[in-house]
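The following report describes how one protein model is put together, beginning with a single side chain and widening to the whole chain.

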Amino acid sequence: KPPRDQINAEIRALRDLLPLPEGDRPRLSYLHVMALACIYTRPPACLRPGPTRGAPMELLGGPELADLVASL
């Protein structure tokens, strides 16, 4: 049981680091937290091409991020 408690504590800490509205975080299951953490650590999943060709990639934001979270 102690190792499971440690894992649960780490998942809760990870949930608090996610860039989500404060009200949405408590509703996430541990599986959702792990899935979102994987998505946020993969650059192509949370980046979009820059406004011009050759420009650096930009982070998703606003409605695009909300759609990504809703799809999970």
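Apart from its neighbours within four places in sequence, L28 is in contact with R15, L18, L20, V33 and L36, where contact means heavy atoms within 4.5 Å. The model is a predicted one, in which local features need pLDDT of at least 70 and side-chain atom pairs count only at pLDDT 80 or more, while totals for chains, interfaces and linings use all residues. Residues are numbered from 1 along each chain as its sequence is written, and side-chain values use heavy atoms, with hydrogens and water left out.

Burial here means under 20% relative accessible area, exposed means over 50%, and partly exposed lies in between (1.4 Å probe, protein chains only).

In α2 the buried residues are V33, L36, A37, I39 and Y40. Seen down the axis of α2, these buried residues fall within an arc of 160 degrees, so they line one face of the helix, the arc being that of the directions from the helix axis to the C-beta atoms. L31 and T41 are exposed on the other side of α2.

In α1, N8, I11 and R15 are buried. Viewed down the axis of α1, its buried residues lie within an arc of 60 degrees, and so they line one face of that helix. An α-helix has 3.6 residues a turn, so residues three or four places apart point the same way. The buried residues of α1 pack against α2, whereas P2, P3 and L17 are exposed on the other side of α1.

The table sets out the dimensions of the two helices, with the expected span taken as 1.5 Å times one less than the number of residues.

| Helix | Residues | Number of residues | Span between end C-alpha atoms | Expected span |
|---|---|---|---|---|
| α2 | 30-41 | 12 residues | 17 Å | 16 Å |

**Polar side chains**

R25 is placed in the loop between α1 and α2, and R25 is buried, with a relative accessible area of 13%. The side chain of R25 makes a polar contact with the side chain of E22 (3.1 Å), and a polar atom of the R25 side chain lies 3.4 Å from the backbone oxygen of D16. A polar contact is a pair of N or O atoms within 3.5 Å; within protein, one must be able to donate a hydrogen and the other to accept it, and residues adjacent in sequence count only if both atoms are side-chain atoms. Leaving aside neighbours within four places in sequence, R25 is in contact with R15, D16, L18 and L20.

E10, which lies in helix α1, is partly exposed, with a relative accessible area of 47%. The side chain of E10 makes a polar contact with that of Q6 (2.9 Å).

**The whole chain**

The protein has 4 helices and 2 strands, which run α-α-α-β-β-α from the N terminus on; helices (H or I, at least four residues) and strands (E, at least two) are DSSP runs, numbered from the N terminus. Buried residues make up 22% of its 72 residues.

The mean pLDDT of the protein is 76, and 58% of its residues reach 70 or more, pLDDT being the predictor's confidence in each residue, from 0 to 100. Among the elements, α1 has the highest mean pLDDT (89) and helix α3 (residues 43-46) the lowest (60).
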